[in-house]
Amino acid sequence: MMTPAAILDTSLQGKRIPFTQAPIIDFAPAESGTRAGKLEVAKHLRDACINAGFMYVKNSGVSPSLAESTFSWARRFLKETTPEQKQAVSMAVHGHNRGYFTIGEENLDPTSQAAGDLKEGYNIGRELAPDDPDRNTPLCGTNAWPEDFPGFREAMLTYFDAMNDLSRRMIRIFALSLDMPEDYFDKMVDRPLATMRFLHYPPQEGVITEEQLGCGAHTDFGCFTFLAQDGVGGLQARNVAGEWIEIPSRTDCFVMNIGDMFQRWTNDLYISTLHRVINTSEKDRYSLPFFFDPNADAYIEALPTCVTPERPAHYAPTTGLKHIMERLSAGYGFDIVNGGDKKEDM
Ligand SMILES: O=C(O)CCC(=O)C(=O)O
Ligand SMILES: [Fe+2]
């Protein structure tokens, strides 16, 4: 049996330290395979998750050249496919939170933005075998693949698989960082509701206000997100003092941030940080987010090491699917699961 870590009641906790630049986590000691190496990374990770919720990960084991080639395929899809090919894989038609979406179709900050985000993109989920029982799970189902565009599917799935494997290695370090057994999450993330996407932000012109940003201010919904940026910049994250901090692109690192589900799972110990994108570069910007969310039926209840009598659970238990569905359906004008018009009972 493990001894639960001592966790201070919120009233006794030292202040969270506002970051002025995102901390860097070196993942190499965790990949070395030694317990000491993993614990060292877990300690840095814990600090970064408590104070910032936003960080860089270096030496992740995923080659930067993989992100490079995925960016080229994203550019090629947007330039080389016809409007008909794009329409055939449109998320609004296909459903399952997968496929192509146009500029303005996603709105990550509906309270400030009437017009939706100034970005377009393409979502891809786990590719399931025809007889996989998860086919009947909402948000799973099939990926939308363009006709007559050979190589695209393979390129996207190569990136998806690399990021999924990295996330499953990373969540073991998260477990250690929370004084849980290293394999604690393993069975809850073996059929993950993970989603990768590529995004394209055209350069933004004129006077920019919160009424339309490249990506409106939001927190991510799931456990954690890995993000590759293409060198253009424009991402900002808000620290605990309420200041917006630039998160410049670094080609040697992924950005990683905590999402709402992990904040909930850790009973508000790890913070899901508000972020947004404003592309004032006069260049096109591309990014590759990978959202790592657990299995649809994963039971999300405050971890025992994050609850004490003085700090009881702040949230009711939920499941991976329920949590994601509640958050996703707010951001689109169409039925996110089935495609087509939004039904009143969604
Ligand atoms: O493009 C980026 O840098 C961030 C995108 C983002 O925050 C998201 O898709 O949730
Ligand atoms: Fe985000």
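Strand β2 (residues 54-58) is largely enclosed by the rest of the structure, because four of its five residues are buried, where buried means under 20% relative accessible area, exposed over 50% and partly exposed in between (1.4 Å probe, protein chains only). Helices (H or I, at least four residues) and strands (E, at least two) are DSSP runs numbered from the N terminus. This is a predicted model, in which local features need pLDDT of at least 70 and side-chain atom pairs count only at pLDDT 80 or more, while totals for chains, interfaces and linings use all residues. Residues are numbered from 1 along each chain as its sequence is written, chains are lettered from A and ligands numbered from 1 in the order in which they are written, and side-chain values use heavy atoms, with hydrogens and water left out.

**Pairing of β2**

- Strand β1 (residues 24-26) pairs with β2 in the parallel sense over three bridges, two strands being paired if DSSP finds at least two bridges between them.
- Strand β10 (residues 253-258) pairs with β2 in the antiparallel sense over five bridges.
- Lys-58 of β2 stands opposite Asp-26, and its bridge partner in β10 is Cys-253.

**Iron ion (ligand 2)**

- The protein donors are His-218 (NE2), Asp-220 (OD) and His-275 (NE2), lying 2.1 Å from the iron ion; donors are N, O and S atoms within 2.8 Å of the metal (3.2 Å for Na, K and Ca), and since water is not among the atoms, sites may look incomplete.
- The two histidines link distant parts of the chain, with His-218 in strand β6 (residues 215-218) and His-275 in strand β11 (residues 275-277), 57 residues apart.
- Both count as buried, His-218 at 8% relative accessibility and His-275 at 7%.

**Ligand 1**

- Of the 13 residues around ligand 1, those that come nearest are Arg-197, Tyr-201, His-218, Arg-285 and Ser-287, a residue being near if one of its heavy atoms lies within 4 Å.
- Polar side-chain atoms lie 3.0 Å (His-218), 2.8 Å (Arg-285) and 2.7 Å (Ser-287) from an oxygen atom of ligand 1.
- Taken alone, ligand 1 exposes 300 Å², of which the protein buries 97%, with accessible areas from the Shrake-Rupley method and a 1.4 Å probe.

**Cysteines**

- A search of the whole structure finds zero disulfides, a disulfide being a pair of cysteine sulfur atoms within 2.5 Å.
- For Cys-49, the nearest cysteine sulfur is that of Cys-306, 11 Å away, and Cys-49 is buried, with a relative accessible area of 0%.

Definitions and conventions. Polar contact = N/O pair within 3.5 Å; in protein donor to acceptor, adjacent residues only side chain to side chain.
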